[in-house]
Amino acid sequence: RRLGRSFGELPMTARALENARRHHTAGDLQKAESIYRQILHAESNHPDALHLLGLIAYQIGKNDVALNLITKALESKPVFAKAQSNLGNVLKKMGQLERAVHHYHEAIAIEPDFAEAHSNLGLTLCELGQPKEAIDICRKAITIKPDFLEAYCNLGVALKELGRLDEAVAVCRKALDIKPDHVESHYNLGTLFQELERFEDA
């Protein structure tokens, strides 16, 4: 008869969560959702399962459901940077930009080197008419994660908003160094060249 558990063996819930995450990452949302729900049936306030089930809802466009689930996850575990950031993403998608900013700040307060939260905060500030603040935030994201394509794109948007077109061009070029076939960066670069009256380049 064996008592206890070896160091390498995970509890049943942790194994189930790990399995669900694998399916989620692979794009099998239906299987992942089923496992998350099984976990919640056994432990109704499990913060990771609530958060990740909410993330699936966000991914398929059910923002109200996502808002409810991720909020419940944070009620169970307030110091949860990824959930704070993803709640910001949901609120941004719903057009609640100031509330989104609050949750991005919460995520960064918990995890100061959270590059994605910095980048998304920068884009949201830009949409709120604060491009100058957005530039500093996006540069911080790039300092943390130098090959962060989305942060370069968001920085380019903020620079363009301030009329700093040559700098925005340089940023778009850097984004294309990272991912040469990135459609959005090609489009943005063409738009910038058009505004600069560099029509052949555009």
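Trainee: At what angle do the axes of helix H6 and helix H7 cross, and how close do they come?

Mentor: The axes of H6 (residues 97-110) and H7 (residues 115-127) come within 9 Å and cross at roughly 155°. Axes here are lines fitted to C-alpha atoms, for helices over the stretch in contact, with angles from 0 to 180 degrees between N-to-C directions. Helices are DSSP runs (H or I, at least four residues) and strands are E runs of at least two, numbered from the N terminus.

Trainee: What should I know about the model itself?

Mentor: This is a predicted model, in which local features need pLDDT of at least 70 and side-chain atom pairs count only at pLDDT 80 or more, while totals for chains, interfaces and linings use all residues. Residues are numbered from 1 along each chain as its sequence is written, and side-chain values use heavy atoms, with hydrogens and water left out.

Trainee: Back to the pair: are H6 and H7 roughly parallel or roughly antiparallel?

Mentor: They are therefore roughly antiparallel to each other, a term for angles over 145 degrees. Their crossing is left-handed, that is, the near helix is turned anticlockwise from the far one by less than a right angle.

Trainee: Which residues of H6 and H7 make the contact?

Mentor: H6 contributes Leu-97, Ala-100, Val-101, Tyr-104, His-105, Ala-107 and Ile-108, and H7 contributes Ala-117, His-118, Asn-120, Leu-121, Thr-124, Leu-125 and Glu-127. Contact means heavy atoms within 4.5 Å. Nine of these residues are nonpolar, four polar and one charged. Nonpolar covers Ala, Val, Leu, Ile, Met, Phe, Trp, Tyr, Cys and Pro; charged covers Asp, Glu, Lys and Arg; the others, Gly among them, are polar.

Trainee: Now H5: how many of its residues are buried?

Mentor: Ten of its 13 residues are buried, meaning under 20% relative accessible area, whereas exposed is over 50% and partly exposed lies in between (1.4 Å probe, protein chains only). Among them are Gln-84, Asn-86, Leu-87 and Val-90.

Trainee: Which helices do they pack against?

Mentor: The buried residues of H5 pack against helix H3 (47-59), helix H4 (63-76), H6 and H7. After H5 comes Gly-95, with a positive phi near 85°.

Trainee: Where does Lys-77 lie?

Mentor: Lys-77 lies in the loop between H4 and H5, and Lys-77 is partly exposed, at a relative accessible area of 33%.

Trainee: And the whole chain: how many helices and strands?

Mentor: The chain has eleven helices and zero strands. Its C-alpha trace spans about 80 × 30 × 30 Å along the principal axes, and 43% of the 202 residues count as buried.

Note on methods: Parallel < 35°, antiparallel > 145°, perpendicular 65-115°, else oblique.
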